[in-house]
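Please look over the sequence and the model shown here before reading on.

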Amino acid sequence: MEIIEILFGILAFLAIFSALMVVVSKNPVHSVLWLIVTFFAISGHYILLNAQFLAIVNIIVYAGAIMVLFLFVIMLINLNRETAPQKNRWLKMAGGVAGGCLLLVLVAAFKEVGMAEKQKAVVNVGDIGLIKSLGKELFTKYLVPFEISSVLFLSAMVGAVVIGKKE
Amino acid sequence: MIDWWFLLEKTILIAGIIGLSFFIAMYTTYAERKVAAWLQDRRGPNRAGPFGIFQPLADGGKLFFKEEIIPLASNRFLFVLGPALAMITALITSSVIPWAAPFTTKGGTQIPMQVADVNMGILLVFSFVSVGVYGIMIGGWASNNKFSLMAAVRGASQMVSYELPMGMSLIAVLMMTGSLQMSTIVSYQAEHGWNIWYQPLGFLIFFICALAECNRTPFDLPEAENELNFGYHQEYSSMKLGFYLFAEYINMFISSAIMATLFFGGYDIPFVKEELWGLSPFWLTVISFGVFMAKISFFLFVFLWIRWTIPRFRYDQLMNLGWKKLIPLALINMVITAAVILYFKK
């Protein structure tokens, strides 16, 4: 086995295991912490594909900023077993069925694509994921969508301020 | 398959840098007491060894042998994880800093004095600075103490708010050097002059934010003892407390190193051309390392100087400074830099 395959195996196991733990954990704070581990494992995958910028930004934005806000909220409302809402048994079953249906659709969709044989992931070559080539693409080929999405972010920010100001 | 020499070289470098970080952090605690004593007209520690030079060892020994108390109502695993995370994230950022000029062997191969010269250099530092919040938050929450939780939330919101102007002030520097790679930033400055001459405002913003990120006075609100008893590490004792306190000093050391690298030319020796000296590559590496350490020591001194001079901010003042003053200033700095670069390129 090549060293990259070993690394991929470890990262894939870590990603799936921690993602499962997010769902299984009883304590919401533990769930958030497992989600952070998941993000780190996914960043590891990006690095294997030589998409360094994506890997770092994933950590800065998701693990570093958004998850901190999640933790804030959960720590301050301080959920514990007594105050946690008791879920209906039927609701649980409905959730299980819905999740199973989604899994079925996903598996069916990926089976039809048949990527596994034709295209293998190109590991650790090419510089498409480096900041230079990414920036060039974004500011030449995709300039208009890029600017429009930045306006979208701005409007979201203004909206948040407006909601926050209203007492 | 695995290049064992490469592995050995990097292992030695990593061990060296971690050892160095611990050593410097140890003696920063000593320097802190001495500088405080000097500013307050006292003598400071002077019992252990000549000039009290073994004081940090005595402190460390004391922390090691103290009784370890884990509160019953705390979350045991997370309680231990908190200080460990604080320490790991403090140490990991040192991996992308170029510590000295690359050492050229007789065979002509260059050995960089840097653990990883990655393409994303400075962004990697940022990502681990932003992850560093978890050490404080997890520790504060897991101690199951209201004061600890309050302090942790304060600390986290402070660090998240000051990351923004820090990143923005950095963008101006990156526009000038045109690279995120630390070694390129240093060699650019060696060629074109230090960044501080072109980006004084950017440096000022960066420095203020570095103070806030390290939770140093005047931004030490997470540890405000008269409001929060002792802050987020209130329930900690023994070496776990030591880890938190020590991580703060390592953060100071690393942020001084990053400031020296980004704005003060890194290991570049000012006013001279080293190539004309005709020294052996070994001595060049050693001297450049010494110069870099001198720059870092200066910044560390400024950190201590500020701590014993300026009183603490109030919480609303802290937030106003971050969001309403530093971010607009950093944005203006960014726009002006971009305009000047565009003007000179045409």
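## Terms and basis

A residue is called buried under 20% relative accessible area, exposed over 50%, and partly exposed in between, with a 1.4 Å probe and protein chains only. The model is a predicted one, in which local features need pLDDT of at least 70 and side-chain atom pairs count only at pLDDT 80 or more, while totals for chains, interfaces and linings use all residues. Residues are numbered from 1 along each chain as its sequence is written, chains are lettered from A and ligands numbered from 1 in the order in which they are written, and side-chain values use heavy atoms, leaving out hydrogens and water.

## Salt bridges in chain B

Over all chains, the whole structure holds seven salt bridges, each defined as a side-chain nitrogen of Lys or Arg within 4 Å of a carboxyl oxygen of Asp or Glu. One of them joins B:E68 and B:K240, with an N to O distance of 2.7 Å. This pair links distant parts of the chain, 172 residues apart: B:E68 is in the loop between α2 (55-65) and α3 (76-92) of chain B, and B:K240 is in helix α10 (residues 238-263) of chain B. Helices here are DSSP runs (H or I, at least four residues), numbered from the N terminus. B:E68 is partly exposed at 46% relative accessible area, whereas B:K240 is buried at 10%.

B:R216 meets B:E32 in a salt bridge of 2.9 Å, N to O. B:E32 belongs to helix α1 (residues 4-39) of chain B and B:R216 to the loop between α8 (200-213) and α9 (225-228) of chain B, 184 residues apart. B:E32 is buried at 5% relative accessibility, and B:R216 is buried with a relative accessible area of 1%.

B:R216 also forms a salt bridge with B:E248, with the closest N and O atoms 3.3 Å apart. B:E248 lies in helix α10 of chain B, so this pair ties together parts that are 32 residues apart in sequence. Through shared partners, salt bridges join B:E32, B:R216, B:E248 and B:R307 into one network.

## Helix packing in chain A

Helix α1 (residues 3-24) of chain A packs against helix α2 (residues 28-48) of chain A at an angle of about 155 degrees, with their axes 8 Å apart. Axes are lines fitted to C-alpha atoms, for helices over the stretch in contact (heavy atoms within 4.5 Å), and angles run from 0 to 180 degrees between N-to-C directions.

Conventions:
Helices (H or I, at least four residues) and strands (E, at least two) are DSSP runs, numbered from the N terminus.
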